[in-house]
Amino acid sequence: MATVKFEAQDIELAEGESVLECLERSGHPIPNSCRSGVCHSCLMRATAGELPPAAQKGLKETHRAQGYFLSCCCYPDTDLSAVRVDADSMRIGARVLHKEALNERVLRVVLEAKEPLDYFPGQFVNFARADGLVRSFSLASVPALDDNLEFHVALVPGGKMSGWLHHEASPGDDLELMGPLGNCFYVAGNSEQPLLLLGTGTGLAPLYGIARDALHQGHTGAIHLFHGALVAADRYLVDALSALARDHANFSYHPCVRDEAGSEWVQAEVDAHALAMIPNLKGWKVYLCGNPTLVRQVQRKAFLAGASMQDIYADAFLPAGG
Amino acid sequence: MSGLYEAIGGEPAVNAAVDIFYRHVLSDDRIAHFFDGVDMERQAQKQKAFLTMAFGGPHNYTGLDMRKGHAHLVKQGLNDSHFDAVVEHLSTTLSELNVDQDHIDQVVAIAESTREDVLGRSAEPDEAAQV
């Protein structure tokens with residue numbers, strides 16, 4: 001079995017164990033969240049040894065060259081020396097500016113970054129609290145339109161970061177941000193292509209950013225935003241999205257509520273309603289955000305409905321593990 | 001074999017074929033369930049690597065990779081009928097892209113050469129006897 005050399009210790013990897021699991025087992029907690037190679041919270045750097053390609057999947061070329069790797073996806077065959085990533089070089093400071101309830105469960109959190117964050121609306125960043133807690137949140141703001149960074153935070157039962165943001169954090173509190181990350185964003189250059197934006201819960205955050213970004217960049221093709229909720233009270237940004245639809249003839253907002261009838265929404269499963277309205281997605285660009293099961297199902301349905309694989313952007317909000 | 005790859009149209013042809021091929025595969029009830037719950041983007045990359053190989057293009061697949069990569073599916077019952085279905089979709093895809101029959105036959109022959117590895121069987125009778 002291979003050995004992980006970490007902080008002057010040699011720790012033998014158990015069968016089928018990732019570097020992250022190995023270090024946790026031996027009393028070295030490494031910041032982490034999704035444990036699936038998506039959020040990049042568990043980034044480490046190898047100083048010696050050979051990294052399996054899967055451990056560097058999705059990292060920037062410059063980071064790969066420097067030996068950065070994702071400890072949750074790293075299953076080395078040979079000995080590896082690993083160090084914690086120097087926090088300061090990868091993170092930027094931010095401060096809570098503003099909190100506001102968007103509905104009973106979703107909080108708008110506005111942060112001011114202490115140095116400019118270069119991002120595309122729809123990407124996500126990791127919030128890192130001073131005690132090491134890390135969680136991912138999608139950007140709902142648009143750099144060209146908004147001075148600060150906007151996030152939508154759903155209160156997760158037992159959620160450490162969401163609980164803290166909802167109940168304790170107050171303007172002036174400090175956080176660190178890592179990122180931005182993710183490929184789910186609008187790319188200019190094909191302004192007539194129709195766009196399908198579909199999400200559940202706070203999957204609306206990236207979609208709201210993407211829609212406003214596309215409209216701001218002069219997108220002329222149809223943009224259909226479908227937001228799925230179980231009950232009417234789960235909807236949010238209803239006024240803002242309705243106003244956006246009034247102001248832009250090519251933008252339409254389709255709230256879907258599964259378990260309640262009402263005149264302001266369609267009572268339906270969001271994916272069923274979207275695909276009934278748009279049965280042929282050939283030539284469309286598709287953005288899917290939120291519940292991971294739904295995102296994966298709709299990704300497949302959208303592909304079978306004619307969307308090209310390259311035109312489907314899926315951002316599954318994975319629950320934080322461990 | 002690089003002659004075949006170029007004759008079919010190289011990487012652009014592979015890119016054109018991936019969506020068509022993958023859509024055929026996922027629409028086929030005989031085999032679609034093997035793809036339940038897989039990461040579609042990762043799977044599309046694998047399809048692309050497979051098509052590149054089948055088109056006679058550059059690849060670094062080995063028989064062992066094929067065995068390892070499909071072992072969990074063999075446990076779920078992957079057999080010759082499923083392999084036949086995939087080859088059928090490969091052939092249909094190429095027809096739709098107007099590839100001529102001679103080249104289609106060559107692609108099918110390359111795909112066929114992976115059958116024993118994909119299905120986790122040995123081509124060597126004496127090795128098979130050990131199983």
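Tutor: Strand 10 (residues 149-154) of chain A is largely enclosed by the rest of the structure, because six of its six residues are buried. Buried means 20 or more other C-beta atoms within 10 Å of the residue's own; exposed is 12 or fewer, partly exposed lies in between, and C-beta atoms are placed from the backbone. Strands (E, at least two residues) and helices (H or I, at least four) are DSSP runs, numbered from the N terminus.

Student: Is this predicted or experimental, and how is the numbering done?

Tutor: This is a predicted model: local features need pLDDT of at least 70, side-chain atom pairs count only at pLDDT 80 or more, and totals for chains, interfaces and linings use all residues. Residues are numbered from 1 along each chain as its sequence is written, while chains are lettered from A and ligands numbered from 1 in the order in which they are written.

Student: Which residues point which way from strand 10 of chain A?

Tutor: L149(A), F151(A) and V153(A) point one way, and E150(A), H152(A) and A154(A) the other; all are buried. In a regular strand the side chains alternate between the two faces of the sheet.

Student: What does strand 10 of chain A pair with?

Tutor: Strand 7 (residues 106-113) of chain A, in the antiparallel sense, over six bridges. Pairing takes at least two DSSP bridges between two strands. R108(A) stands opposite H152(A), and L107(A) has V153(A) as its bridge partner.

Student: And the strand order in the open sheet of six?

Tutor: The order is 9-8-11-6-7-10 in chain A, with antiparallel pairing. Strand 9 (134-138) and strand 10 of chain A are the edges, each pairing on one side only. Neighbouring strands are turned by 40° against each other on average, direction ignored. Axes here are lines fitted to C-alpha atoms, for helices over the stretch in contact, and angles run from 0 to 180 degrees between N-to-C directions.

Student: What lies across strand 10 of chain A?

Tutor: Helix 4 (residues 160-167) of chain A, running at about 110° to strand 10 of chain A. Helix 4 of chain A also lies across strand 7, strand 8 (124-128) and strand 9 of chain A.

Student: New topic. Which residues of helix 7 of chain A are buried?

Tutor: In helix 7 (residues 270-277) of chain A, they are V270(A), D271(A), H273(A), A274(A) and L275(A). Their cover includes strand 13 (223-229), strand 14 (251-257) and helix 8 (292-304) of chain A.

Student: What about the largest nonpolar core? Which members touch the most others?

Tutor: L196(A), L197(A), L207(A), A211(A), V286(A) and Y287(A), out of 95 residues. A nonpolar core is a set of buried Ala, Val, Leu, Ile, Met, Phe, Trp, Tyr and Cys residues joined through C-beta atoms within 7 Å. Helix 2 of chain B gives this core its largest share, eight residues.

Student: What is Y287(A) in contact with?

Tutor: Leaving aside neighbours within four places in sequence, Y287(A) is in contact with C184(A), L195(A), L197(A), L207(A), I210(A) and Y313(A). Contact means C-beta atoms, placed from the backbone, within 7 Å.

Student: How many residues of chain B are in contact with chain A?

Tutor: Eight, against six residues of chain A. Helix 2 (10-26) and helix 3 (40-54) of chain B each supply at least two residues of that side of chain B. Helix 2 of chain B gives the most, with five residues.

Student: How much of chain A is buried?

Tutor: Of its 322 residues, 45% count as buried.

How values were computed. Two residues are in contact if their C-beta atoms, placed from the backbone, lie within 7 Å.
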